[in-house]
Amino acid sequence: MWEQVFAPANLAVALGRVERNRGAAGVDGVSAQELRNWCRDNWAGVREALDAGTYRPMPVRQVMIPKPDGGQRKLGADGAGSVDPAGDRAVLTPVFDPGFVPVSYGFRPGKSAHDAVKVARLVIEQGYRWVVEVDLDAFFDRVNHDVLMARVARKVNDKRLLKLIRRYLEAGIMADGVRQAVSQGTPQGSPLSPLLSNIMLDDFDQEFWARGHRFVRYADDIRVFVKSKRAAERVLEQGTRLLEQRLKLR
């Protein structure tokens, strides 16, 4: 799996994705438009460090963007280092995505928020008119690294790749010129974070899918549809217990 991540075809996919996203430069100042030239000049050294186990990802540059409600959302800009997690994503997506439940719609090939809305409307028309709305508090900031890595390791046994993903999670953030260590969370804006978020919440999906619940999930937004207030209260209690006790979220 390690060699797959850095295969030319997967690196080309990773480069293309980063360039299309046209994200802001990271702490190294390398923009998405400059990334291909940067890789041509520096990739040999990066790959050597990766193989030797000495590679240390740079911290993610924190960018604050306004939210519609007046608050601010934290986004991360990876810079040149984003080609590595993007390569991880290219390899890991085919490993994990086929096992995700059909009603998980966020950050998945061929799925969209519009698909989630269509399913929600259909279920409501079928009489499931009580809705449990699950709001995860600062989800991307609160992801427990140990809990997440345990779930990645269920399908990834390459210790070098697991170590690399862990280092990305622990690389820290650069805010106002100051590097800050992190003990939890996965930065929004990183190419790998969307897949990691789905891996993290797959426990919830699998349990509720196995119980036959009608629900849809898009990233950290979850709606469960039931037919009575009593059922809604029971589902809310079950979901809260699973998310907070097993996954250490809030």
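Tutor: Happy to! Start at R214, whose bridge partner in β7 is F225. Please keep in mind that this is a predicted model, in which local features need pLDDT of at least 70, side-chain atom pairs count only at pLDDT 80 or more, and totals for chains, interfaces and linings use all residues. Residues are numbered from 1 along each chain as its sequence is written, and side-chain values use heavy atoms, with hydrogens and water left out.

Strand β6 (residues 214–218) and strand β7 (residues 221–226) run antiparallel and are joined by five bridges; two strands pair if DSSP finds at least two bridges between them. Helices (H or I, at least four residues) and strands (E, at least two) are DSSP runs, numbered from the N terminus. The hairpin of β6 and β7 has two residues between the strands, and A219 there takes a positive phi near 60°.

Now step back to helix α9 (residues 193–210). Its 18 residues reach 26 Å from first C-alpha to last, close to the 26 Å expected at 1.5 Å a residue (the expected span is 1.5 Å times one less than the number of residues). Even so, α9 has a kink of about 45° centred on L201, where the bend is the angle between axes fitted to the seven residues ending at a residue and the seven starting there. Most of α9 is covered, with 14 of its 18 residues buried; buried means under 20% relative accessible area, exposed over 50%, and partly exposed in between (1.4 Å probe, protein chains only). After α9 comes G212, with a positive phi near 80°.

Buried in α10 are A231, A232, V235, Q238, G239, L242 and L243. These residues lie on the same side of α10 because they cover an arc of only 130° around the axis, taken from the directions from the helix axis to the C-beta atoms. R230, E237 and Q245, on the other side of α10, are exposed. The cover over the buried residues of α10 includes β3 (130–135), α9 and β7, so the pieces we have visited meet here by contact, meaning heavy atoms within 4.5 Å. Finally, K248 follows α10 with a positive phi near 60°.
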